[in-house]
Amino acid sequence: MEPYREASSPNMRASDQERDATVQRLQVAFAEGRLADVEFDERMRAALAARTHGDLDVLLTDLPAATAPSVPAVSSPAATVPGRMPKPGRHAVAYKNSVRYTGRWRVPGTFRALIYKGSGVIDLRAAELTEPVTVIHAIAYKSDIEIVVPPGIRVEVNGFGVTRDEDWTGDLPADAPIVHVRAVAYKGLVETRTMPRR
C-alpha cells in the first residue's frame, strides 16, 4: 500500500517511505517488462535521489497504478500452509551449463551458487529480498558469475576473485538492505554490478 500523500502537493518534500514505495512500483513494472534495463536503472536512481512528490510522480506517469498485492512474509511453519508462498530456493548449481535468476523472484537470507565451467547471472533488481541482510555465497570454477544489485542497497564483498563495479554514489539510509557477497573464483570471476553487462 502506498503511503498517504496530500492532494496537489508536487513541491512537498518526499519521505524515505514514499521513495521506497516508488522503487517498489518500478521494480514491479520492470518485472512485468514495462521498462527496459537502462530506463529502469535511470528511474531507480532518480527515485532514490528524489526530493519532492513531483520528482517521484514524474517517474510513474506512464505506468499503471499499483494493483499487485504485497507478498506476505513467510515463516518456517507457514511454508506448508495452503495459500502461502513456499520458501525461496537456496541453491543454484551448474555443471558445464548456466544458471540465470532474473525478474521477480524471492531471495532467501542465504543463497549459494556453485558454477563449474559455466556461467551464472543473479539479478536482484526486481527480486524480493526476504531478509534485511542477504548473504550470497558464490563459487566459480573456470566460470563467471554476475550479481546485479540495484542502487539503494548496501553491497559488501569479500573473498578471492570477486570484484565490485558499483557506481551508485547517492547516500544510503541507515536501514538500507545489505547484500553481502562471499565469493571464491578459480580461473574465473565473480562480479557485482548495478547494471548487467551487455
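## Close-up views of a predicted model

**View 1. Strand E1 of the predicted model and its partner strand E4**. E1 has two faces: Ala92 and Ala94 lie on the covered one, while His91, Val93 and Tyr95 lie on the uncovered one. E1 runs parallel to E4, and 5 bridges join the two strands. Within this pair, Ala94 of the covered face stands opposite Ile115 in E4.

**View 2. The open sheet E2-E5-E8-E12-E10**. The sheet is built from 5 strands in the order given, with parallel pairing. Strand E2 (98–101) and strand E10 (162–165) each have a single partner strand, so at these edges one side of each strand is left without a neighbour in the sheet. On average, neighbouring strands of this sheet are turned by 10° against each other, with direction ignored.

**View 3. Pairing of E5 with E8**. Strand E5 (residues 119–123) is joined to strand E8 (residues 144–148) by 5 bridges in the parallel sense. Val121 has Glu146 of E8 opposite it.

**View 4. Strand E11 and its two parallel partners, E7 and E9**. Strand E7 (residues 133–141) runs parallel to strand E11 (residues 178–186), with 9 bridges between them. In this pairing, Val184 in E11 stands opposite Ile139. Strand E9 (residues 154–160) also pairs with E11 in the parallel sense, over 7 bridges. Here Ala183 in E11 is the bridge partner of Gly159.

**View 5. The largest nonpolar core**. This core holds 25 residues, and those that touch the most other members are Trp105, Ile122, Leu124, Ile145, Ile147, Val181 and Val190. Two or more residues come from each of strand E1 (91–95), strand E4 (110–116), E7, E8 and E11. E11 gives the most to this core, with 4 residues. Apart from this core lies another, of 15 residues, with Ala14, Met44, Ala47 and Leu63 among them. As a general background, nonpolar side chains in soluble globular proteins tend to be buried together.

**View 6. The surroundings of Ile145**. Ile145 is one of the residues that touch the most other members of the largest nonpolar core. Leaving aside neighbours within four places in sequence, the contacts of Ile145 include Ala113, Ile115, Gly120 and Ile122. Ala138, Ile139 and Ala140 are also in contact with Ile145, as are Leu189, Val190 and Glu191.

Note on methods:
Residues numbered from 1 in each chain as written. Predicted model: local features only at pLDDT ≥ 70, side-chain atom pairs only at ≥ 80, totals over all residues. Heavy atoms only, no water. Pairing = 2+ DSSP bridges. Axes fitted to C-alpha atoms, helices over the stretch in contact; angles between N-to-C directions. Core = buried A, V, L, I, M, F, W, Y, C linked by side-chain atoms within 4.5 Å. Buried < 20%, exposed > 50% of the residue type's maximum accessible area, 1.4 Å probe, protein only. Contact = heavy atoms within 4.5 Å.
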